[in-house]
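Thanks for coming, everyone. Please take a look at the structure on the screen, and I will walk you through it.

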Amino acid sequence: DILNHNSHSAADIEQGIAMCEEARAVLAGMGALDLKNLTAASVYADTADSQARHALSLGRLEDAAKLEQQVYDIAEGVLAKRPGDIRSMKNRSLAADLLGQIAMRRGDLATAGQHLARAEQAGEDIVRFNPGDLGSWQYLVRALSRSADLLRQEGRLSDAVAKAQSIVALADDDRLTASLAPMLEGAWFWLAEIQMD
């Protein structure tokens, strides 16, 4: 877990990848890959997500996609055995989101749409499970934003505006226990930008 977090502040990206590789090897030895140790599996998936993001920043789309699919599969496996595993819920959301981003970079908007629909559902699941934690809402906001961006790229501006409006409407959600306004500041600017388009 420490190697995973430290990989984001490594001297360079290659060092961050090496830290993730080391962490994944340790976690695999603890039973992460065969789901014998569900906590290790959740940490493994989180670490693989970090490594995928590092790989993507270097333009290694294939490496990133392979790792992120593993993240999604492990998260699904953990949640099948331990449905309340919040870290795996977050891993599933992150994986679907990044797989959607990768598909968008490849110009495969249909596949991107499928992944982003899963990211939205995963974000909804996190909020439904833990609505009192504002951190849970960021997964839903991110997924909806990414879907709105996809709609914009497809030239479906009316649909993109409607999706962006659904994001800012979250501020009035009855499940909130505190203001979501700081998280939605960028969404308001982005909504105005889409409306200008």
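Let's start with one residue. Serine 136 sits in helix H7. Buried or exposed? Serine 136 is buried, because its relative accessibility is 0%, and the cut-off for buried is under 20%. What does serine 136 touch beyond its neighbours within four places in sequence? Its contacts there are Ile126, Val127 and Asn130.

Before going on, a caution. This is a predicted model. Please keep that in mind throughout.

Ile126 and Val127 are among the buried residues of H6. That buried set also includes Ala112, His115, Leu116 and Ala119. Glu120, Ala122, Gly123 and Asp125 belong to it too. What covers them? The cover includes helix H5, residues 86–105, helix H7, residues 134–153, and H8.

Now the length of H6. The helix runs over residues 109–129, which makes 21 residues. At 1.5 Å a residue, H6 should span 30 Å.

Next, over to H5. Leucine 99 is in this helix. With a relative accessibility of 8%, leucine 99 counts as buried. Setting aside neighbours within four places in sequence, leucine 99 contacts Ala65, Glu68, Gln69 and His115. His115 is one of the buried residues in H6. How far is leucine 99 from alanine 119 in space, C-alpha to C-alpha? The distance is 9.3 Å, and the two are 20 residues apart in sequence.

On to the loops. Leucine 170 lies between helix H8, residues 157–168, and helix H9, residues 181–196. Although it is in a loop, leucine 170 counts as buried, at 9% relative accessibility. Which residues does leucine 170 contact, leaving aside those within four places in sequence? They are Trp137, Leu140, Val141, Leu144, Leu176 and Leu180. Trp137, Leu140, Val141 and Leu144 fall within the 134–153 range of helix H7. Leucine 184 is 14 residues from leucine 170 along the chain, and their C-alpha atoms are separated by 8.6 Å.

Leucine 35 is in the loop between helix H2, residues 13–29, and helix H3, residues 38–57. Leucine 35 is buried as well, with a relative accessible area of 18%. What about its phi angle? Phi is positive, about 60°, although leucine 35 is not a glycine. Most residues other than glycine have a negative phi.

Now step back to the whole chain. How many helices and strands are there? The protein chain has nine helices and zero strands. Its radius of gyration is 17 Å, close to the 16 Å that the globule rule gives for 197 residues, so the chain is as compact as a globular protein of that length. Along the principal axes, the C-alpha atoms fill a box of roughly 50 × 35 × 30 Å.

A few totals to finish. Buried residues make up 46% of the 197. Take the contacts between residues at least 6 apart in sequence: 62% of them join residues at least 24 apart. The chain exposes about 9,400 Å², and carbon and sulfur atoms supply 52% of that. Finally, charge. There are 20 positive and 29 negative charges, and their mean positions are 4 Å apart.

That's the tour. Over to you.

Key
Residues numbered from 1 in each chain as written. Predicted model: local features only at pLDDT ≥ 70, side-chain atom pairs only at ≥ 80, totals over all residues. Heavy atoms only, no water. Helix = DSSP H or I, 4+ residues; strand = E, 2+ residues; numbered from the N terminus. Buried < 20%, exposed > 50% of the residue type's maximum accessible area, 1.4 Å probe, protein only. Contact = heavy atoms within 4.5 Å. Rg over C-alpha atoms; globule rule 2.2 N^0.38 Å. Areas by Shrake-Rupley, 256 points an atom, 1.4 Å probe, with all protein chains shown as cover. Lys, Arg positive; Asp, Glu negative; His and termini not counted. Charge placed at Lys NZ, Arg CZ, Asp CG, Glu CD. Expected span 1.5 Å × (residues − 1).
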